[in-house]
Each structure stands twice: as C-alpha cells, then as structure tokens.
Amino acid sequence: MDFRREQLHVEILDPRRRFERSRALLEIRFDPLTGQSVRILPSGSFSPPAAFDLERMAAETRAGCPFCSERVESDTPRFPPEVVGEGRIRRGEALLFPNLVGYAKWSAVSIYSAERHVLPLEAITPALMADNLAAQVAFGRAVVSYDAASKWISFNANQLPASGSSIFHPHLQGTANPFPTTMQRLLAQVEPQRFRDYLAAERDAGERLLGSTGSIDWFAAFAPLGPAEVRAFVLDASSTDELADDVVAELGRGLSLVLRAYADLGYQSFNLAAFGAPGIPGFPLNVRLVARGYYGPLQRSDAMWSERLHWEGAVDLAPETVAEAGRKRFADQ
Ligand SMILES: [Zn+2]
C-alpha cells in the first residue's frame with residue numbers, strides 16, 4: 001500500500017513582501033483506494049470557517065419547521081404499509097419518514113429528535129446518533145425485504161444549509177436505489193482486500209489515526225475529498241442493513257466523537273455518507289464525513305471549480321492536523 005504524494009514548489013514575486021521571490025509548497029496526494037488526487041495547500045491559504053449564530057438561525061426557522069414536534073406527525077409523509085407497517089420508524093427519540101424530495105427510488109429522512117430543533121455538533125451524543133442510525137438500518141432492511149432490487153443502500157447527512165440541507169432541524173437521510181451512485185460504483189470496483197491493506201497501513205503509520213471505538217478504527221483520509229475528511233471501515237458488514245445492534249452503538253459513539261472534533265476545529269456543518277457494495281463478499285461498509293465551512297454572502301464556498309468540475313479536493317487543513325484534533329476527543333471517551 002503506497003501513500004503516494006508529490007510535492008511542488010509554487011514560485012511568485014510576492015507583492016506583500018515588496019515583490020521578493022517566495023516559494024509555497026503544494027502537495028498532491030493520491031487516494032489509496034481510487035487513485036483520486038487532491039491538493040493540500042499551505043495552512044491559512046483559505047479563510048477559516050466563519051462562526052455563526054446557531055441560536056439565531058434556530059429562532060428564525062423554528063416557526064413552521066415541519067420536523068418539530070408540533071408538526072412532524074401531520075406534515076411529514078408516511079411509507080406505504082406494505083413497506084413499513086407503521087408508516088414511520090421510531091428508535092428512541094429518532095423518527096424516520098420518507099423524504100418529500102425523491103433522491104432515490106426510496107428516500108428517507110430521520111430526525112434525531114422532534115424536540116431538538118437546534119443541535120450543535122458537540123451536543124449530538126452517542127445515544128442520539130446510535131438511535132438515528134438504528135432507524136436508518138431498519139429502513140434499509142424494510143426496503144430490501146420489499147424491493148430486493150433497491151439494494152444500493154446508504155445513510156447520509158447534510159447538517160445546516162452550508163452542507164446542502166434545506167431544513168435547519170438536524171437529521172440524517174437514507175437512500176435505497178437499484179443503481180449505485182458514481183462513488184458507490186467506483187469503490188465497488190476496489191478489491192475488498194485493499195480496504196484491509198489500507199487500514200493496516202494507516203495503523204502502521206499512526207499519524208492519521210484519531211482512535212478506535214473497539215472494533216472500528218477512525219482515521220483522517222490521506223487524500224481528503226473536502227475539509228477534515230474522516231473515514232472508518234466496518235469490516236463485517238457490506239451494507240448498512242447488515243449492521244448488528246452493537247456495531248450501530250459503536251458507530252454512534254465514533255461519529256459523536258468525530259463531530260465533537262469538528263466543533264473543536266470550528267465547524268458546525270458536515271456531510272456524511274455510509275455505504276457498502278451489496279453482494280460482494282468481504283466488502284466493508286465505508287463511512288466518510290467531511291466538515292463544511294459556513295461562509296457569508298461575500299466569502300468563498302468550500303467547493304469551487306476544482307471540487308465540482310475536476311473532482312479534485314483542495315484543502316488547507318492537513319489530514320495529520322485533523323487527526324491530532326480527533327485524538328484529543330477519542331482519548332476522552
Ligand atoms: Zn424543528
């Protein structure tokens with residue numbers, strides 16, 4: 001397993017230093033699974049994520065929120081009874097129902113709690129996360145037992161508008177579809193053994209490990225797709241519907257710790273995706289998260305031509321720095 005990186009020196013005559021010659025380091029890294037390349041710029045190349053007023057955003061969106069307890073029963077859809085007998089799925093405080101917007105043949109939204117319109121990342125406890133994941137696992141099982149062709153199952157998250165969420169109230173999203181997404185297809189072409197080799201190489205290197213929650217190791221992506229990408233593999237589940245209860249609890253704990261580390265780094269918004277490759281023996285469930293910056297109207301988005309059209313991440317936060325922040329949180333568990 002090689003962690004390929006190429007270093008380039010970018011030379012300019014710098015107007016900030018009376019046009020003296022300056023050289024900056026640009027590192028290009030290649031993902032060990034897909035070969036996808038990313039650019040790591042010097043720290044401080046981009047503005048840090050802006051602080052924003054979560055309570056003010058909560059106050060502005062609470063009246064009329066379809067996911068708050070006053071409206072969630074009347075304003076959210078139900079599944080047909082032949083798919084989910086009760087129409088919606090409940091686990092602890094979590095509640096799962098169909099998405100009004102059909103992103104896949106089967107699309108679900110699951111709120112952490114109808115009582116929690118505002119949920120800072122540091123307040124997403126292991127139990128809140130695990131119950132929400134358990135609802136997603138039940139959704140996946142219900143769909144594939146009714147519609148076996150919709151076997152490409154995932155659970156995902158957009159948290160806050162900066163990450164693509166149209167509803168402020170925190171939630172996860174699930175999908176089940178007969179066709180894989182592009183990334184599901186690309187990863188399904190990777191030999192299952194390669195994920196194990198990658199994990200073993202990260203364990204040996206150590207510098208990108210955040211910590212372990214028991215059977216799952218959490219590590220910063222060597223070649224991150226976006227800011228602060230963290231990954232984990234569940235080796236004995238090749239799809240979300242195969243996750244055992246104790247593994248769901250462990251994933252809840254790990255994700256809660258990663259989100260606390262994101263909050264430590266100044267982020268309150270993130271994207272999450274977890275999926276495997278159904279029918280490929282030994283294929284591990286992949287869990288990936290990226291932090292998302294929140295920016296004002298005249299500040300840059302964290303996705304530009306590079307990410308959107310070249311499929312090339314460009315970040316100024318080194319994975320090894322992300323791991324350092326994560327290790328502090330994992331050490332406290
Ligand atoms: Zn709400």
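**Questions on a predicted model**

User: In this predicted model, is Asp75 buried, partly exposed or exposed?

Analyst: Asp75 has 14 C-beta neighbours inside 10 Å. A residue is buried at 20 or more such neighbours and exposed at 12 or fewer, with partly exposed in between. Because its count is 14, Asp75 is classed as partly exposed.

User: Which helix holds Asp75, and how far is its C-alpha atom from that of Ile89?

Analyst: Asp75 belongs to helix α2, which covers residues 72-75. Asp75 and Ile89 lie 14 residues apart along the chain. The separation of their C-alpha atoms is 16 Å.

User: Which strands form the edges of the open sheet?

Analyst: The sheet has 10 strands in the order β4-β5-β6-β8-β7-β12-β13-β11-β10-β9, with antiparallel pairing. An edge strand pairs on one side only. The edge strands are β4 (89-91) and β9 (209-212).

User: What is the bridge partner of Ser212 in β10?

Analyst: Strand β9 pairs with β10 (residues 217-220) in the antiparallel sense, over 3 bridges. Within β10, the partner of Ser212 is Asp217.

User: At about what angle does helix α3 run to β8?

Analyst: Helix α3 (residues 126-146) lies across β4, β5, β6, β7 and β8. Of the residues in α3, 15 of 21 are buried, and the helix is mostly covered. Its direction relative to β8 (171-177) is given by an angle of about 20°.

User: What span should α3 have, and how far apart are its end C-alpha atoms?

Analyst: The expected span is 1.5 Å times one less than the number of residues. For the 21 residues of α3 that should come to 30 Å. The end C-alpha atoms agree with this, as they are 30 Å apart.

User: Which element gives the most residues to the largest nonpolar core?

Analyst: The largest nonpolar core has 85 residues, and those with the most contacts inside it include Val258 and Leu210. Domain 1 (5-40) and domain 2 (54-332) each supply at least three residues to this core. The element that gives the most, with 11 residues, is α3.

User: Which residues does Val258 touch, leaving aside those up to four places away in sequence?

Analyst: Val258 is one of the residues with the most contacts inside the largest nonpolar core. Beyond four places in sequence, the residues that Val258 touches are Leu210, Trp218, Val230, Leu289 and Gly326.

User: Is Arg329 buried or exposed?

Analyst: Arg329 is found in helix α8 (residues 319-332). There are 21 other C-beta atoms within 10 Å of Arg329, and the cut-off for burial is 20 or more. Arg329 is therefore buried.

Notes
Residues numbered from 1 in each chain as written. Predicted model: local features only at pLDDT ≥ 70, side-chain atom pairs only at ≥ 80, totals over all residues. Helix = DSSP H or I, 4+ residues; strand = E, 2+ residues; numbered from the N terminus. Pairing = 2+ DSSP bridges. Contact = placed C-beta atoms within 7 Å. Axes fitted to C-alpha atoms, helices over the stretch in contact; angles between N-to-C directions. Core = buried A, V, L, I, M, F, W, Y, C linked by C-beta atoms within 7 Å. Domains from an automatic or database assignment.
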